[in-house]
Amino acid sequence: MRDYRMWLLRDGPAKRSRVYVNSALTALDDFHVRRGLGKADVAREDLPKSAPRALEERARIRWLRAVEAHLSPRGRCIALIPYYAGARISEVVRLDVDDIQMSARKGRLRLYGKGDKFREVDIHPKLRTELQLWLDERPNWPHADDNRALFLNAKGGRLTARAAGGIIAEIAQTAELDDPTTAHVLRHTLATTLVRGKTDLVLVAEILGHARLETTRRYSLPSDKDKEDALKLITVDR
């Protein structure tokens, strides 16, 4: 049973979530009991008790102001795609020019996620403006004609995830945010905003590229900040 648990979590062809693994172990427990063998002595996986860390309202304002002040259209796009489209950093640097589809009024972003599965996300108006500025500047970069990568480095190659993450970290430092801010925190910020805004979970899962709704439901859990605020409301009668 312990080996099976680890296979589900780590070694199987489709790695499973902790919720799935716990459900599978419960089913096997029931099977053992029905066979008269008693429950298997296998510990369950600990489940997250808090929502993933996301930027609070004031931090979001500081973040957006820092992005706006950033001089490079390329950098502004890299900073805003996780925030407005929920993209992972690997999905950001994997974008090609052809993955940006913009008409006079609307736009779609094609993102390639885990397992080469792709999804299309509507381009937020503020992201659309920055993307257009970068597309206008991009032809002036080295090898822009023979490299289809949306984001190029100084030598004309595809920008790496490490370099893109460094750009986000630089902007976060300018914003003077209290905690480290990564593309994943920005992605969590979008998800938290959508879920707490009562957006349908199926739609949020589609935007984020989640294979299971249980992953999306994490964003409905209380955050560490929620718990801190709740403790502040506790008063002691004197």
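Axes here are lines fitted to C-alpha atoms, for helices over the stretch in contact, and angles run from 0 to 180 degrees between N-to-C directions. This is a predicted model, so local features need pLDDT of at least 70 and side-chain atom pairs count only at pLDDT 80 or more, while totals for chains, interfaces and linings use all residues. Residues are numbered from 1 along each chain as its sequence is written, and side-chain values use heavy atoms, with hydrogens and water left out.

**Figure 1. Helix 4 packs against helix 7.** Two packed helices are described by the angle between their axes and the distance between the axes. Here helix 4 (residues 73-85) and helix 7 (residues 161-175) have axes 9 Å apart, at an angle of about 90°. That makes helix 4 roughly perpendicular to helix 7 (angles under 35 degrees count as roughly parallel, over 145 as roughly antiparallel, 65 to 115 as roughly perpendicular and the rest as oblique). Who does the touching? Helix 4 brings R74, G75, I78, A79 and P82, and helix 7 brings A164, I167, I168 and I171; contact means heavy atoms within 4.5 Å. Sorted by class, the contact has seven nonpolar, one polar and one charged residues. For those classes, Ala, Val, Leu, Ile, Met, Phe, Trp, Tyr, Cys and Pro count as nonpolar, Asp, Glu, Lys and Arg as charged, and the others, Gly among them, as polar.

**Figure 2. The whole protein chain, to get your bearings.** Count up the secondary structure and you get eleven helices and three strands; helices (H or I, at least four residues) and strands (E, at least two) are DSSP runs, numbered from the N terminus. Starting at the N terminus, the elements go α-α-α-α-α-β-β-β-α-α-α-α-α-α. Of the 238 residues in the chain, 40% are buried (buried means under 20% relative accessible area, exposed over 50%, partly exposed in between, with a 1.4 Å probe and protein chains only). Take the contacts with a separation of 6 or more: 57% of them are between residues 24 or more positions apart.

**Figure 3. Aromatic rings pair up.** A search of the whole structure turns up four aromatic pairs. Rings of Phe, Tyr and Trp (its six-membered ring) pair if their centres lie within 6.5 Å; planes under 30 degrees apart count as stacked, over 60 as edge-to-face and the rest as tilted. The ring centres of Y83 and Y84 are 4.9 Å apart and the planes sit at 85°, so this pair is edge-to-face. Both of these tyrosines, Y83 and Y84, are buried. W134 and W141 are an edge-to-face pair too, with 5.3 Å centre to centre and 80° between the planes. W134 and W141 are both buried, and ring pairs link W134, W141 and F151 into a cluster.

**Figure 4. R218 sits over the face of a ring.** The ring belongs to Y219, and R218 lies 5.5 Å from the ring centre. A charge sits over a ring if NZ of Lys or CZ of Arg is within 6 Å of the ring centre and within 35 degrees of the ring normal.

**Figure 5. V204 and R110, two buried residues.** V204 lies in helix 9 (residues 201-208) and has a relative accessible area of 0%. Leaving out residues up to four places away in sequence, V204 touches L194, V195, T199 and T216. G86 is 118 residues from V204 in sequence, but their C-alpha atoms are 9.5 Å apart in space. R110 is in strand 2 (residues 107-112), and its relative accessible area is 18%.

**Figure 6. E176 and K198 sit in loops.** What is the phi of E176? It is positive, about 55°, although E176 is not a glycine. E176 lies in the loop between helix 7 and helix 8 (183-196), and at 63% relative accessibility it counts as exposed. K198, in the loop between helix 8 and helix 9, also has a positive phi without being a glycine, near 70°. At 74% relative accessibility, K198 counts as exposed.
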